[in-house]
Amino acid sequence: TDLPRSPPAAAEPRHASPAAPRRLREKLRTAARMAGPPAHTAPGSRQQVQGGERRAQPATGPPAAARETRVPFRFDYERFRRSLRHPVRGRRPGEDPETRARRMKIKEMMKFAWDNYKQYALGKNELRPLTKNGHIGNMFGGLRGATVVDALDTLYIMELEEEFQEAKKWVEKSFDLNVNGEASLFEVNIRYIGGLLAAYYLTGEEVFKSKALELGEKLLPAFNTPTGIPRGVINLGRQDTRSLFSPCSGMSWSWGWASAGSSILAEFGTLHLEFLHLSELSGNPVFAEKASTSQLVLNRVEKPQGLYPNFLSPVTGNWVQHHVSIGGLGDSFYEYLIKSWLMSDKKDSEAKKMYDDALEAIEKHLVKKSAGGLTYIAEWRGGILDHKMGHLACFSGGMIALGAEHAGEERKQHYLDLAAEITNTCHESYARSDTKLGPEAFRFDAGTEAMATRLSERYYILRPEVVESYMYMWRLTHDPKYRQWGWEAVKALEKHCRVEAGFSGIRDVYTTTPTHDNMQQSFFLAETLKYLYLLFCEDDVLSLDDWVFNTEAHPLPVNHTNFKA
């Protein structure tokens, strides 16, 4: 999963964001004032902290003695757990034996993937199952254990208790944040921050919270740009992290392959869910404020045809080129808009309006129907359509269905129908291959429909987006075909991707004897297997009433109330 300096498909980010509700921002500011020193903002405007104490302030507010007796901010975990409307793992009513057997099979696949990672690659970022060794890569800036952190919540939800304890022990004893290297802000946020936050909310174990907050602080220097839009790469070293409120001096820059030093929509737009929870847990509003800057900038800038191009300058706040994609480079920006609204308990109306307006523009300009009747979302390059859809874009069926649940009555069925059509198209990309697994991208031109036409697009790297949409469509419609389609994917994974020591991606989905790429991606454990497992669970397991999944499938709670202790 290395992120190279040139932009092949493998370098594209996966899924989206802004918008912090004003009420929550005010609440967080108040909490931070109660907790101690103020959070820092951009260079030149933040107060300097020396020796852990603030410089002298004007004589306003309570006297020093009163300030010293304030109770530090504490998140009330027990109150949070009582606020959940459903048990995390569900109530387990009676179910048919076939559904349970299929769920147990997926649990066995997870145990197999974890056991082999533990045996051959524990502490490395990912397992190479053919050569039985570990892979580190260059995306995470020296951080290790990506598979551990990505797997924590899946192990917990599947009740793989012994394996969860193994993963927790590694985080406690071996997860070192004192590293010095180039990291993808996006990938560290969705995998590590998301994974640690989810593990904390599911278990209440303080180690996950403290690691998440410490790592979150290391990401803040990426936002030190003229616009507040973060750059995509951050050096996790070269910064002072003595306390949550200390100034940071980490270096950040844009990807070398990103157009004209630009930031990428799906990267700076996929921070909001996690950063809001960092503020919620710390009482420090700086995280929520940094993440919400994207919304302010994007609301101001003119959108061509109402669409959001993929590249934006963090210096000027203007678009760098007019390439629009719901797949890689754009994807999760849109996802995080609707999820920001849901996570705010439907209070963040700005995020909801941005989502509604964006979806309207997408439907008007990008949604097309093939000659064979398949609905797809094309890409847009300066007004010219590219009639292809990436595997990454297949999350959109689930997203549109999730949004449809909360549309007006006259639009709800329309969007559910659109979601079903897009999910069907993505299923066709699987059904039309020899392996019954989908290619990295598929096209609708030259008489071809829902199939890859280029050699460079025929691979499958254990991606989750298609089964993710199956899971949402099942929960929102209970049409049994989605469980059937999910089971087809399980059988194909077992047949073509399972090897002696784990699961591997394949290089060509159009041959029944594919060669393997020797990589068990961490997101296979975080996303693909979790979504498949949930597809065969009752709806109250990680209920959508209580939880919103980040773009790495890490469940983060809906903010039903204020949990300051």
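## Packing of α4 and α18

In this predicted model, helices α4 and α18 pack with their axes 9 Å apart, at an angle of about 170 degrees. Angles over 145 degrees count as roughly antiparallel, and α4 is therefore roughly antiparallel to α18. Helix α4 covers residues 97–121, while α18 covers residues 522–535.

On the α4 side, the contact consists of R103, I106, K107, M109, M110, A113 and W114. These residues meet F524, L525, L529, L532 and Y533 of α18. By residue class, the contact of α4 with α18 holds 10 nonpolar residues and 2 charged ones, with no polar residue.

Side chains of opposite charge can pair when their charged atoms come close. Across the whole structure, a search finds 32 salt bridges.

## Packing of α17 and α18

Helix α18 also packs with helix α17, which spans residues 481–496. The axes of α17 and α18 lie 9 Å apart, and the angle between the helices is about 135 degrees. That angle makes α17 oblique to α18. The crossing of α17 past α18 is left-handed.

From α17, the contact residues are Y482, R483, G486, V490 and L493. Their counterparts in α18 are F524, T528, L532 and L535. The contact of α17 with α18 comprises 6 nonpolar residues, 2 polar residues and 1 charged residue.

## Packing of α15 and α16

Helix α15 (residues 409–431) and helix α16 (residues 465–477) have axes that come within 10 Å and cross at roughly 140 degrees. The two helices are therefore oblique to each other. Helix α15 passes α16 in a left-handed crossing.

The α15 side of the contact is made by L416, A419, A420, T423, C426, H427 and Y430. Helix α16 contributes V466, S469, Y470, M473 and T477. In the contact of α15 with α16, 8 residues are nonpolar and 4 are polar, and none is charged.

## Sheet β5-β6-β7

An open sheet is formed by 3 strands in the order β5-β6-β7, with antiparallel pairing. Strands β5 (182–184) and β7 (252–253) are the edge strands, and each pairs on one side only.

Strand β6, at residues 233–235, is joined to β7 by 2 bridges in the antiparallel sense. In this pairing, V233 stands opposite W253 of β7.

## Sheet β11-β14-β15

Another open sheet has 3 strands in the order β11-β14-β15, and its pairing is antiparallel. Its edges are β11 (323–324) and β15 (384–386), each of which pairs on one side only.

Strands β11 and β14 run antiparallel and are joined by 2 bridges, with β14 at residues 379–381. The bridge partner of V324 is W380 in β14.

Note on methods. Residues are numbered from 1 along each chain as its sequence is written. This is a predicted model: local features need pLDDT of at least 70, side-chain atom pairs count only at pLDDT 80 or more; totals for chains, interfaces and linings use all residues. Side-chain values use heavy atoms; hydrogens and water are left out. Axes are lines fitted to C-alpha atoms, for helices over the stretch in contact, and angles run from 0 to 180 degrees between N-to-C directions. Helices (H or I, at least four residues) and strands (E, at least two) are DSSP runs, numbered from the N terminus. Angles under 35 degrees count as roughly parallel, over 145 as roughly antiparallel, 65 to 115 as roughly perpendicular and the rest as oblique. A crossing is left-handed if the near helix is turned anticlockwise from the far one by less than a right angle, and right-handed if clockwise. Contact means heavy atoms within 4.5 Å. Ala, Val, Leu, Ile, Met, Phe, Trp, Tyr, Cys and Pro count as nonpolar, Asp, Glu, Lys and Arg as charged, and the others, Gly among them, as polar. Two strands pair if DSSP finds at least two bridges between them. A salt bridge is a side-chain nitrogen of Lys or Arg within 4 Å of a carboxyl oxygen of Asp or Glu.
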